[in-house]
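Please look at the sequence and the 3D structure shown here before reading on. The report that follows takes up a few local features in turn.

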Amino acid sequence: MPGLTSAQKKAKLARMSFKDYLLNVVKVDSQAYWFYMALGRDVFCVGGDAMPALFAWQMGEVNGGFSGLKLDPSPEGLLANLPGPQHGRQTESDEPVVHYPDGNATVARLLARWLIPEAVPGTSQDDVGAARIFYDRLDLAGNAARIRLNSTVLNVRHDGGPGSAREVIATYSTGGKLHSVRGSACVMACWNMFIPYLMPDLPAVQKEALAFNVKGPIVCTNVFLRNWRAFQKLGTSYVQCPTMYHDTIALIDPANLGALQHARSPEDAIVVRMTRTPGSPGLPRKDQHRVGRADLLATSFETFERYIRQQLTRVLGRGGFDAANDIVGIAVNRWPHGYSYTYSSLYDPMEWVFTETDDRPCVKARQPFGLISIANADAAASPHTDAAFQEAHRAVAEILDRRNVGSLSGNS
C-alpha cells in the first residue's frame, strides 16, 4: 500500500476481510489461505472470510502477510485500548487474567455462596470448586435471596404504565404450570435479542436495538482421556485443524483450585478441549450465525461422537492414540446462542467498532424501561465475563439511583 500512512492503511484493512487481503492484496495461493481460514472463529464465531483484516493483524498474525506494511503498533492510530467493555477488544489489557479449572462455574458457585451461604458449603475460593451444592436450600422462603431453578420466564410487564407503576410482574413456567412474582424492580439479564418477545410493551426503537444482537453459535467439546501420552510423544498440547469438524484440539490449561488438581504426569487422566464454530463461510456474518445455529440444533450427538473419534485418531494416531481404549467420556456443550455480537468494521459503522459512542445499538438497547433495567454481556456488545460484571453493576446502580431519587421525593 505505497504512499499511505499507517492510519490510512489501517482504515483500508478495517474495510476488507482477511480472506480478501490474503488472496487479492498479498496474492497468496488459495491453498495457503486454508491455514488461516479459521482465524477469529474462537472470538467472533466467523473465520477469515467475515473478519476484518485489521483484526487479524491485531491478533498477532505476523506471518499472515502484514510485516511489510510497517504499521504503527497499537494502541497508536486507529486501534485503542478503550476503557470499559468493548466488542471483544483487539488490544491486550494489562489487567490480570483469572483462570479457574472448571471455568466460570466457580464464579457462579461463589455468587451463590455469597447470596445463600447455607447452600454452598465452605469459606474460601479454594474450597468452592469441589463443594457439594445443596440445591434444596436455594429457594427457601426464609432466604434473604432465592434462586429458582428450572423456571423459564415468558413475560415481564409493569403493573400499570411504565412511568407510574410501583411493581413489575414476571410470569414464568415451571413443572408445566405458570406462576407470577412481583417486585419493585427487575433486572433482565437474559439474551438481549430475546427481550422484545418477553416485553412486548417496549418502545419500537428499543426493540430494534435489542434485536440487532445476533449471537454467535459455538461448541466447546470436552473429551475425557485415560492419559495424554500421545500428546507427549508428538510434542504438542495445541493443534489447529482449520478444515476439520472441530477447529482446535487442546489440552486444558493447567490450573489448580483446592481439591481440583490438574494432571501432572502423561499417565494421568485429562480433559481435551475441542472447539467448533458452525457456520457457512461466504455469507454475511449474521447469516452465518443463523445458519450455524440451525446446523447445530439439527446435529445429533452420534454425529459429533463420530467426528470426534475420527479427528482425534487422525491427529493423535501416530502418537499411539487409540480412540476405543483412550476415550472415557465425551461432553458436547452446544451454545446455539453463544457469544454476544461484537461490532465489525466489515458490516457496522466504524465509530461503533472503534469508539464508545452512544449511537451503538447496545447502548440504546440497555436503557432502563420504567422499573426494569437491562444487563447481560450483550448490553456491552462483548462476550467477556468482565463485561457481564460491569453491565450487572450498572443495572443494579440504576435501580438504587431510582430508589434514592424516590426517597428524596417522598416516594419509595
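The sections below cover the basis of the model, an arginine, a helix and the cysteines.

## Basis of the model

This is a predicted model, in which local features need pLDDT of at least 70 and side-chain atom pairs count only at pLDDT 80 or more, while totals for chains, interfaces and linings use all residues. Residues are numbered from 1 along each chain as its sequence is written, and side-chain values use heavy atoms, with hydrogens and water left out.

## Arg 113

Arg 113 belongs to helix α6, residues 105–115 (helices are DSSP runs of H or I with at least four residues, and strands are runs of E with at least two, numbered from the N terminus). Arg 113 counts as buried because its relative accessibility is 9%, where buried means under 20% relative accessible area, exposed over 50% and partly exposed in between, with a 1.4 Å probe and protein chains only.

The side chain of Arg 113 reaches the backbone oxygen of Ser 124 at 2.8 Å. With neighbours within four places in sequence left aside, the residues in contact with Arg 113 include Val 120, Pro 121 and Asp 127, contact being heavy atoms within 4.5 Å.

## Helix α9

In helix α9, residues 204–211, the residues Gln 206, Ala 209 and Leu 210 are buried. They lie on the same side of α9, because they cover an arc of only 100 degrees around the axis (the arc of the directions from the helix axis to the C-beta atoms). On the other side of α9, Ala 204 and Glu 208 are exposed, whereas the buried residues of α9 pack against α8 (195–198), α15 (361–365) and β10 (372–374).

## Cysteines

With a disulfide taken as a pair of cysteine sulfur atoms within 2.5 Å, the count comes to zero disulfides. For Cys 220, the nearest cysteine sulfur is that of Cys 45, 9.5 Å away, and Cys 220 is buried, with a relative accessible area of 10%.

Methods:
A polar contact is a pair of N or O atoms within 3.5 Å; within protein, one must be able to donate a hydrogen and the other to accept it, and residues adjacent in sequence count only if both atoms are side-chain atoms.
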